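I opened this notebook to record what I looked up in one chain. The entries follow the order in which I examined the model.

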Amino acid sequence: MDSSVPFVLLLLMCSSIMVEAQLKVYDLRATDLPTVVLLTTDAYVTVSSGSTSLGKTSVRYNDPNPWWEEEFSYFYAEENDMLTLEVYDVDLLFDDQLGVCQRQLKVGTYQHDCFLTKGGTLHYTYTLG
């Protein structure tokens, strides 16, 4: 048997392991969300990786500085996939989007602050690995 065959098999196995990794998104919180005519924001966040929706947080009512306990995991994330977090304010007719945060995934653990287009900041942490 050719001695290079086991090396090639090992290389193939390692490359397939490195391609997919577990993504964990957690510690989502926002600060200074906008207030409209004495109405405080009723906010929630949707989370997706690439084209896959990972879910959404619960709604935090009347809180300009909400913190969400939910954690989101995805086992098929890949480095360079786009992580997207969208912040919404619940309204009667339709939910207003307060801002979108996008980040290209890298292996490791990162904390980010994202400035929302309608005011406020979303803070979050993700781990890919």
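**Entry 1: salt bridge.** My criterion for a salt bridge was a side-chain nitrogen of Lys or Arg within 4 Å of a carboxyl oxygen of Asp or Glu. A search of the whole structure returned one salt bridge. I took buried as under 20% relative accessible area, exposed as over 50%, and partly exposed as in between (1.4 Å probe, protein chains only).

**Entry 2: basis of the values.** I record that the model is predicted, so local features need pLDDT of at least 70 and side-chain atom pairs count only at pLDDT 80 or more, while totals for chains, interfaces and linings use all residues. Residues are numbered from 1 along each chain as its sequence is written, and side-chain values use heavy atoms, with hydrogens and water left out.

**Entry 3: secondary structure.** I found one helix and nine strands in the chain, in the sequence pattern α-β-β-β-β-β-β-β-β-β. Helices (H or I, at least four residues) and strands (E, at least two) are DSSP runs, numbered from the N terminus.

**Entry 4: sheet.** I traced an open sheet of four strands in the order β3-β2-β6-β7, with antiparallel pairing. The edges are β3 and β7; each has a single partner strand, so one side of each is left without a neighbour in the sheet. The twist averages 20° from one strand to the next (axes are lines fitted to C-alpha atoms, for helices over the stretch in contact, and angles run from 0 to 180 degrees between N-to-C directions). I counted two strands as paired if DSSP finds at least two bridges between them. For β6 and β7, the antiparallel pairing runs over eight bridges; M82 has Q104 in β7 as its bridge partner.

**Entry 5: core.** Which residues have the most contacts inside the largest nonpolar core? I listed L23, V25, V47, L83, L85, L122 and Y124, in a core of 26 residues. Two or more residues each come from β1, β2 (43-49), β5, β6, β7 and β9 (121-128), and β1 gives the most, with five. A nonpolar core here is a set of buried Ala, Val, Leu, Ile, Met, Phe, Trp, Tyr and Cys residues joined through side-chain atoms within 4.5 Å. Of the 129 residues in the chain, 34% are buried.

**Entry 6: positive phi.** I noted N62, which is not a glycine, with a positive phi of about 50°. N62 lies in the loop between β3 (52-56) and β4 (67-68) and is exposed, at 57% relative accessible area. N80 also has a positive phi, near 80°; N80 is in the loop between β5 (72-77) and β6 and is partly exposed, at 49%.

**Entry 7: exposed phenylalanine.** Is F94 buried or exposed? F94 counts as exposed, at 56% relative accessibility, and is found in the loop between β6 (82-89) and β7 (96-104).
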